[in-house]
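Please go through this model with the sequence at hand.

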Amino acid sequence: MSDAGYGRAFGLMRRAAGGAWRDYTRHAFVGGLGDGSLPEAAFLHYLRQDYVFLTHFARAWALAVVKSETAAEMQAAVGTVNALITHEMPLHVGICAEAGISGKALFATRERPGNLAYTRFVLDAGFSGDLADLLAALMPCVLGYGEIGARLAQEATSQRYRDWIDTYAGSEYQEACRAAGALFDQALTRRIGADFEASPRWARLCDRFRTATELEIGFWQMGMQP
Ligand SMILES: Cc1ncc(CO)c(N)n1
């Protein structure tokens, strides 16, 4: 799939992440969502962990508001905070309720170590760095799911996990991905210049992107171990 729609910096970092990007977006868990072979227990366990993930992910986007230097950056970041809290998190509550997981059980989910490591890594990228560092750690989550959703919408051979696929393949999520990719390009241009790869900061930013990608692989792995 082409990475063009999600911006220039993403395309470059995605390529620099090499095999890790492929291992993330073509993980066995993803294959199981597409062909319906993923056991329901694994899917529900994943969803519960993902709800916890989203609470910290929303905090990380709120930190992006704090780290913004322009009104446009603030608007983009606060739009994502709102989309997460207003749309994506209630969707998880709804899917879990349909599957018989009460709100009480969902909110009592104990966070697995790999889940904790991922979001705290992202938050630390933001606390210790600037918006470029934070966004480099956030992009694999946002854009990876956009890419996975768009591909599965074309290639899925089962209807079993259609609702999940449609959420990430849908125009609302895809539009959010394009906005996030544009924010990433603009934030980087402002902080490291337009020739991204010539910046002394580039290698470290690519490292953050790759580490977040590796933590996404770990998240799928965790999902397969209810
Ligand atoms: C682990 C993970 N990464 C990315 C997304 C996309 O928001 C998500 N819901 N969960």
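Is Q221 buried, partly exposed or exposed? Q221 is partly exposed, because 13 other C-beta atoms lie within 10 Å. The cut-offs are these: buried means 20 or more other C-beta atoms within 10 Å of the residue's own, exposed means 12 or fewer, and partly exposed is in between, with C-beta atoms placed from the backbone. Q221 sits in helix α11.

**Basis of the model**

This is a predicted model, in which local features need pLDDT of at least 70, side-chain atom pairs count only at pLDDT 80 or more, and totals for chains, interfaces and linings use all residues. Residues are numbered from 1 along each chain as its sequence is written. The protein chain has a mean pLDDT of 95, and 98% of its residues reach 70 or more. pLDDT is the predictor's confidence in each residue, from 0 to 100. For the complex, the predictor gives an ipTM of 0.98 and a pTM of 0.96.

**The annotated domain**

UniProt, in an unreviewed entry, places "domain: Thiaminase-2/PQQC" at residues 19–224. Such annotations may be inferred rather than shown by experiment. Over residues 19–224 the chain is 82% helix and 0% strand. The end C-alpha atoms of that stretch are 21 Å apart. Helices are DSSP runs (H or I, at least four residues), strands likewise (E, at least two), and both are numbered from the N terminus.

**Helix α8**

Helix α8 covers residues 131–155, 25 residues in total. From first C-alpha to last it reaches 35 Å, close to the 36 Å expected at 1.5 Å a residue. That expected span is 1.5 Å times one less than the number of residues. The helix α8 bends by about 40° at L138. The bend is the angle between axes fitted to the seven residues ending there and the seven starting there. A proline, P140, follows within four residues. Of the 25 residues of α8, 20 are buried, so α8 is largely enclosed by the rest of the structure.

**The ligand shell**

Which residues surround the ligand? They are D50, F53, L54, C141, Y145, E216 and F219. A residue counts here if its C-beta atom, placed from the backbone, lies within 6 Å. Helices α4 (40–66), α8 and α11 (202–223) each give two or more residues to this shell. The largest share, 3 residues, comes from α4. By class, the shell holds 5 nonpolar, no polar and 2 charged residues. Ala, Val, Leu, Ile, Met, Phe, Trp, Tyr, Cys and Pro count as nonpolar, Asp, Glu, Lys and Arg as charged, and the others, Gly among them, as polar.

A117 belongs to helix α7 (residues 113–128). V93 lies in helix α5 (residues 71–98), and I217 in helix α11. A117 is partly exposed, with 14 other C-beta atoms within 10 Å. V93 is partly exposed too, with 16 such neighbours inside 10 Å. I217 is partly exposed, with 19.

| Residue pair | Apart along the chain | C-alpha separation |
|---|---|---|
| Q221 and G193 | 28 residues | 37 Å |
| A117 and F219 | 102 residues | 9.9 Å |
| V93 and L106 | 13 residues | 7.6 Å |
| I217 and V66 | 151 residues | 28 Å |
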